[in-house]
Amino acid sequence: MVHARWLRLLNRSTGEPGYRDEWYWEQCGGCRFWIALNGELGQDWGACTNARSAFDGRLRYEHDGCKSFTARENGTFG
């Protein structure tokens with residue numbers, strides 16, 4: 001399954017020891033540069049379009065994150 005295979009690419013996993021509390025509020029799905037895919041995969045996956053991110057142009061899991069997170073102005077997620 002694609003979802004399970006792509007999860008190996010995570011930068012940050014909420015289940016890892018050392019996951020910082022502030023990262024819960026800085027996940028890809030809430031970033032203004034994250035664009036959800038269409039279809040079933042779009043429920044969890046999107047493309048990063050942030051030129052300052054190491055993940056620009058790559059697919060990212062909505063609960064992943066990076067140091068270049070920029071919150072959406074309207075505060076939406078996903």
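**Salt bridges, sheet and cavity in a predicted model**

The structure holds two salt bridges, a salt bridge being a side-chain nitrogen of Lys or Arg within 4 Å of a carboxyl oxygen of Asp or Glu. The model is predicted, with local features requiring pLDDT of at least 70 and side-chain atom pairs counted only at pLDDT 80 or more, while totals for chains, interfaces and linings use all residues. Residues are numbered from 1 along each chain as its sequence is written, and side-chain values use heavy atoms, with hydrogens and water left out.

Aspartate 64 and arginine 60 are both buried; buried means under 20% relative accessible area, exposed over 50%, and partly exposed in between, with a 1.4 Å probe and protein chains only. Another salt bridge joins glutamate 22 and arginine 20, whose closest N and O atoms are 2.8 Å apart. Here glutamate 22 is partly exposed at a relative accessible area of 34%, and arginine 20 is likewise partly exposed, at 44%.

Confidence was expressed as pLDDT, the predictor's confidence in each residue on a scale from 0 to 100. The protein chain has a mean pLDDT of 94, and 100% of its residues reach 70 or more. Helix H1 (residues 2–6) has the lowest confidence, with a mean of 91, whereas strand S2 (residues 45–48) has the highest, at 97. Helices (H or I, at least four residues) and strands (E, at least two) are DSSP runs, numbered from the N terminus.

Three strands make up an open sheet in the order S1-S2-S3, with antiparallel pairing. Strand S1 (34–36) and strand S3 (59–61) are at the edges and have a single partner strand each, so one side of each has no neighbour in the sheet. From one strand to the next, the twist averages 45°; axes are lines fitted to C-alpha atoms, for helices over the stretch in contact, and angles run from 0 to 180 degrees between N-to-C directions. Two strands are taken to pair if DSSP finds at least two bridges between them. Strands of a sheet pair through backbone hydrogen bonds, either parallel or antiparallel.

S1 and S2 run antiparallel and are joined by three bridges. Tryptophan 34 has cysteine 48 in S2 as its bridge partner, and alanine 36 is partnered in S2 by glycine 46. Strand S2 also pairs with S3 in the antiparallel sense, over three bridges. On that side, tryptophan 45 stands opposite tyrosine 61 in S3. Alanine 47, which lies in strand S2, is partly exposed, with a relative accessible area of 24%. Its C-alpha atom is separated by 8.7 Å from that of tyrosine 61, 14 residues apart along the chain.

Aspartate 44 is located in the loop between S1 and S2. With a relative accessibility of 23%, aspartate 44 counts as partly exposed. Aspartate 44 and glutamate 62 are 18 residues apart in sequence, and their C-alpha atoms are 5.4 Å apart in space.

The structure holds one cavity of 30 Å³ or more. The space in the largest cavity is about 110 Å³. This cavity is lined by 16 residues, of which Cys28, Cys31, Cys48, Ser53 and Cys66 are the closest to its centre. On a 1 Å grid over the protein atoms alone, a cavity is a set of points where a 1.4 Å probe fits but cannot get out, and lining residues have an atom within 4 Å of a point. Grid points are joined across faces, edges and corners, and a volume is the space filled by probe spheres set on the points.

Cysteine 28 lies in the loop between H1 and S1 and is buried, with a relative accessible area of 11%. Asparagine 74, by contrast, is in the segment after S3 and is exposed, with a relative accessible area of 58%. Asparagine 74 and glycine 30 are 44 residues apart in sequence but 9.7 Å apart in space, C-alpha to C-alpha.

Terms used
On a 1 Å grid over the protein atoms alone, a cavity is a set of points where a 1.4 Å probe fits but cannot get out, and a pocket is an open set with protein on both sides within 12 Å along at least five of seven lines; lining residues have an atom within 4 Å of a point.
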